[in-house]
Amino acid sequence: MLLRKLCSHSVTKTTEQQVLTRLNRLINNPNLLNAELPSVNSLRAVELQRDLDRVMQVRPVNEEKARELIRQLASVQYESLGCGEYETIRLKQLLSGTEPMRELDAGLLGASVQKVFVTKTGVSLLMKNGQLISGDEVS
């Protein structure tokens, strides 16, 4: 069973029921899913942009230095892009076209959940967009 592969502990009926409950909550309200905002390297991007602005203000422009800063800035901005927004849109479309389940659907589980965490307080789902879904809270 796919749930066993995704789960951090052995699967019980309670675990299965909690996974089903969390997925059904997302099916009923796909807008609970949110894309993570790219924030990786944002400070570095600001510093590089500031450096580039300084280089561009000095005449004559040091073209070699400007090109290098532009490459570095593009690299940092590219690294900060994730697939979270794409995955969030895909998950919302997938879930909004699905009826609430009475039992787990392996296809939906595999298409939407990356990992299932079982703790003393309950089950959390790490969705394919990187968002963690636990109990009544979404983070």
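Which residue's side chain does E63 meet in a salt bridge? I'll start there. Bear in mind that this is a predicted model.

The partner is R67, and the N to O distance is 3.4 Å. Both residues sit in helix α4, which covers residues 63–80. They are four residues apart there, about one turn of the helix. On accessibility, E63 has a relative accessible area of 52%, so it is classed as exposed. R67 has 44% and is therefore partly exposed. The cut-off for exposed is over 50%, which E63 passes at 52%.

Staying in helix α4, there is another pair, E68 with R71. Their closest N and O atoms are 3.4 Å apart, and the contact is a salt bridge. The spacing is three residues, so about one helical turn separates E68 and R71. E68 is partly exposed, at 35% relative accessible area.

Now to helix α3, residues 42–57. Here R54 forms a salt bridge with D51, with 3.2 Å between the closest N and O atoms. These residues are three apart in the helix, again about one turn. R54 has a relative accessibility of 48% and counts as partly exposed. D51 also counts as partly exposed, at 28%.

For the overall count, searching the whole structure gives five salt bridges.

Definitions and conventions: Residues numbered from 1 in each chain as written. Predicted model: local features only at pLDDT ≥ 70, side-chain atom pairs only at ≥ 80, totals over all residues. Heavy atoms only, no water. Salt bridge = Lys/Arg side-chain N within 4 Å of Asp/Glu carboxyl O. Helix = DSSP H or I, 4+ residues; strand = E, 2+ residues; numbered from the N terminus. Buried < 20%, exposed > 50% of the residue type's maximum accessible area, 1.4 Å probe, protein only.
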